[in-house]
Amino acid sequence: MKIHLISVGTRLPDWAEAGTQEYLKRMPANCAVQLIEVPAVVRSKTLSVDRAKAQECDRIEAMIPKGAWRIVCDERGKHWSTVGLSAQLGEWLQSGRDVALVVGGADGTTPALRATADHLWALSELTLPHPLVRVLLAEQIYRAWSLLHHHPYHRA
């Protein structure tokens, strides 16, 4: 099983890149996380927000492996605790299917993409900047794995 962290945006600050990579490199081979950066659509006065979102979601769709679990980060989604995420990760590992963990662009994702999701995941009720979301996701996936495998990283 592989986790595909598919995220819109390609120009992150150095601290976000370093933080994300720190946690991704800790993941074991049987639960590897691959970061896939999707270029954001260039906004213009003639391009509507809905059209820009649709174009970004088309790009995202092209990156999702066939048959993968689709987990879309969205404010309308379910809030998972660390223990809940760890249990969910355990289910994904048991299934053997890849996981596509999707982070939309600045304007979110389309209803059509959300409708294809196996899960909508709300990370927080706060609005979080994209660079921080990427670090947060990488850390939480690593934490969930560490809890599942009784690794000392998670001490709760």
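**Cysteines**

I began with C57, which counts as buried at 3% relative accessibility, where buried means under 20% relative accessible area, exposed over 50% and partly exposed in between, with a 1.4 Å probe and protein chains only. I note at once that this is a predicted model, in which local features need pLDDT of at least 70 and side-chain atom pairs count only at pLDDT 80 or more, while totals for chains, interfaces and linings use all residues. Residues are numbered from 1 along each chain as its sequence is written, and side-chain values use heavy atoms, with hydrogens and water left out.

Taking a disulfide as a pair of cysteine sulfur atoms within 2.5 Å, I counted zero disulfides. C57 is in none, since the nearest cysteine sulfur, that of C73, is 13 Å away. C73 is likewise in no disulfide, and I found C73 buried too, with a relative accessible area of 14%.

**Helix α2**

I take helices (H or I, at least four residues) and strands (E, at least two) as DSSP runs, numbered from the N terminus. The expected span of a helix is 1.5 Å times one less than its number of residues. For α2 (residues 49-63), with 15 residues, that gives 21 Å, and the end C-alpha atoms are 21 Å apart, which agrees. I listed A52, K53, A54, E56, C57 and I60 as the buried residues of α2. They pack against β1, β2, β4 and α4, contact meaning heavy atoms within 4.5 Å.

Strand β1 (residues 2-8) pairs with strand β2 (residues 32-38) in the parallel sense over seven bridges, and K2 stands opposite A32 in β2. From β1 the chain passes through helix α1 (residues 14-26) to β2, and this β-α-β crossover is right-handed; the term applies if, with the strands pointing away from the viewer, the path from the first strand over the helix to the second runs clockwise.

Helix α1 has 13 residues and reaches 19 Å from its first C-alpha to its last, close to the 18 Å expected. Which residues of α1 are buried? I found A16, G19, T20, Y23 and L24. Seen down the axis of α1, these buried residues fall within an arc of 125°, so they line one face of the helix; the arc is that of the directions from the helix axis to the C-beta atoms. I reminded myself that an α-helix has 3.6 residues a turn, so residues three or four places apart point the same way. The face of α1 turned away from its buried side carries the exposed residues D14, W15 and K25. Among the elements that cover the buried residues of α1 are β2 and α5 (130-148).

I then checked M27, in the loop between α1 and β2, and found M27 buried, with a relative accessible area of 10%. Leaving aside neighbours within four places in sequence, M27 is in contact with A32, V33, I141, Y142 and W145.

Five of the five residues of strand β4 (residues 99-103) are buried, so I noted β4 as largely enclosed by the rest of the structure. V99, L101 and V103 point one way from β4, and A100 and V102 the other way. In a regular strand the side chains alternate between the two faces of the sheet.

I found β4 paired with β1 in the parallel sense over five bridges, with I6 opposite V102. Strand β3 (residues 69-78) also pairs with β4 in the parallel sense, over four bridges, and here the bridge partner of V72 is V102. Together, β3, helix α3 (residues 82-95) and β4 make a right-handed β-α-β unit.

D74, in strand β3, is buried with a relative accessible area of 8%. Not counting residues up to four places away in sequence, D74 touches T109, R114, L120, W121 and A122.

My last entry is A117, found in the loop between α4 (111-115) and β5 (119-121), which counts as buried at 19% relative accessibility. With residues up to four places away in sequence not counted, A117 touches R70 and V72. The C-alpha atoms of A117 and A100, 17 residues apart along the chain, are separated by 9.5 Å.

Terms used:
Two strands pair if DSSP finds at least two bridges between them.
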